[in-house]
Amino acid sequence: MSYLVTGAAGFIGFHLTSELLKNGIPVCGLDNLNSYYDVKLKQARIDELNKISTYHDIPFECIVDNLEKEEVIEEAFKKSNPEKVINLAGQAGVRYSIKNPYAYASSNLIGFLNILEACRRYSVKHLIYASSSSVYGGNKKLPFSEDDAVDHPVSFYAATKKSNELMAHSYSHLYGIPTTGLRFFTVYGPWGRPDMAPFLFTKAILNNQPIKVFNNGDMLRDFTYIDDITTSLLKIIEKIPKSNKSIESKCQSSSSSWCPYKIFNIGNSSPIKLMEFINAIEKSTGKKAKKEFLPMQKGDVKETFADTSSLEEWINFKPNTSIIAGVEKTIDWYMKFYEYSF
């Protein structure tokens, strides 16, 4: 039994792969190590995974190449013959999708199609893939439920993630491939992405630089700690959707179907104000932030709030790490990794 994890050098992919190896499951990773953010951090994650692989004597290999190359995906599947595939690769970032939409079409659409086709050819037992809370776009009703309409994306990134959900459904219907899509809500923690607010805020505060606070701080975010994400993923991987012929095509919800297909929110379901999150970083670092208040950025939304009742029912687990605990662990890792001392 082996798993294929795309985006293995990414934030969530790294943490998931680490836990799979510790649990004795061989992993074939795939990541292009692109320069969207610091390649040194991605390489450090791969180095850490190699150490874990060696220590536990469990095979791990990371193929460094692009998701949108059919021959690369074929090589990865042929080499690993995976029982289950977790697709966490793809071009991330809401704001960058405005600057470079073609990168998202290539990686998130063509790349995901390559994954779906390979899953069909290799009879994969379960495909889990990353969607995003961004699909809720301009929705005003809170909390966001998987059964809400998601037809009004406010960024091209969100549009590609909604497209992934539709593409997965078609393959679940046509070929019976069990698929589970995960709408992640503002994930943070050790080894986090440098392009996201928690990392940007921490770096600026520790270096006595101003932080950019958009919409003048009037934002609400459902910050979700990485350990809760990993725990959820490990449980979801083992819970394979099944066909439900009793569901008629004309009345199914958007989060489930007559075919083996599921969509779940993964969030803390306890959103906090952006300024409260900044305060938690200030408390953990012992330093006050210099704040530059700015208007709302294009493509951003004011509030995110996950309804996780479907997830809780499916895997009997609810993300629950408090902001105080999560931020403290994050800051502790950051200061050690980047060798800060005061």
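**Ground rules**

I number residues from 1 along each chain as its sequence is written, and my side-chain values use heavy atoms, with hydrogens and water left out. As the model is predicted, local features need pLDDT of at least 70 and side-chain atom pairs count only at pLDDT 80 or more, while totals for chains, interfaces and linings use all residues.

**Entry: α1 and α8**

I began with helix α1 (residues 11–22) and helix α8 (residues 226–238). I take helices (H or I, at least four residues) and strands (E, at least two) as DSSP runs, numbered from the N terminus. The two axes come within 10 Å and cross at roughly 60 degrees. For the record, axes are lines fitted to C-alpha atoms, for helices over the stretch in contact, and angles run from 0 to 180 degrees between N-to-C directions. I therefore call α1 and α8 oblique to each other; under 35 degrees would count as roughly parallel, over 145 as roughly antiparallel, 65 to 115 as roughly perpendicular, and the rest is oblique.

The crossing of α1 and α8 is right-handed, that is, the near helix is turned clockwise from the far one by less than a right angle, with anticlockwise being left-handed. Which residues make the contact? I find F11, I12, H15, L16, E19 and L20 on α1, and I226, I229, T230, L233, L234 and I237 on α8. Contact here means heavy atoms within 4.5 Å. Sorted by class, I get 9 nonpolar, 2 polar and 1 charged residues. My classes are nonpolar for Ala, Val, Leu, Ile, Met, Phe, Trp, Tyr, Cys and Pro, charged for Asp, Glu, Lys and Arg, and polar for the others, Gly among them.

**Entry: α3 and α5**

Next I looked up helix α3 (residues 70–80) against helix α5 (residues 101–121). They pack at an angle of about 40 degrees, with axes 10 Å apart, and are therefore oblique to each other. α3 passes α5 in a right-handed crossing. From α3, the contact uses E70, I73, E74 and F77; from α5, it uses N114, I115, A118, C119 and R121. By class that is 5 nonpolar, 1 polar and 3 charged residues.

**Entry: aromatic pairs**

How many aromatic pairs does the whole structure hold? My search gave 25. I pair rings of Phe, Tyr and Trp (its six-membered ring) if their centres lie within 6.5 Å; planes under 30 degrees apart count as stacked, over 60 as edge-to-face and the rest as tilted.

Y104 and Y157 are an edge-to-face pair, 6.1 Å centre to centre with 75 degrees between the planes. Y104 sits in helix α5 and Y157 in helix α6 (residues 156–175), so this pair ties together parts that are 53 residues apart in sequence. Y104 is buried at a relative accessible area of 0%, and Y157 is buried at 10%. Buried means under 20% relative accessible area, exposed over 50%, and partly exposed in between (1.4 Å probe, protein chains only).

F199 and Y334 have ring centres 5.1 Å apart and planes at 75 degrees, so I log them as edge-to-face too. F199 lies in helix α7 (residues 197–206) and Y334 in helix α11 (residues 323–337), 135 residues apart. Both F199 and Y334 are buried. Ring pairs also link F14, W191, F199, W333, Y334, F337 and Y338 into a cluster.

W191 counts as buried at 13% relative accessibility.

G192 is in the loop between β7 (187–188) and α7. Is G192 buried or exposed? Its relative accessible area is 5%, so G192 is buried. Not counting residues up to four places away in sequence, G192 touches F11, L41, R45, F199 and W333.

**Entry: other loops**

A89 lies in the loop between β4 (84–87) and α4 (96–99), and is buried at 18%. Leaving aside neighbours within four places in sequence, A89 is in contact with T6, G7 and L67.

A cis peptide bond joins L142 and P143, with omega about -5 degrees. I place P143 in the loop between β5 (126–130) and α6.

Last, S269 has a positive phi, near 50 degrees, in a residue other than glycine. S269 is in the loop between β11 (261–266) and β12 (272–273).
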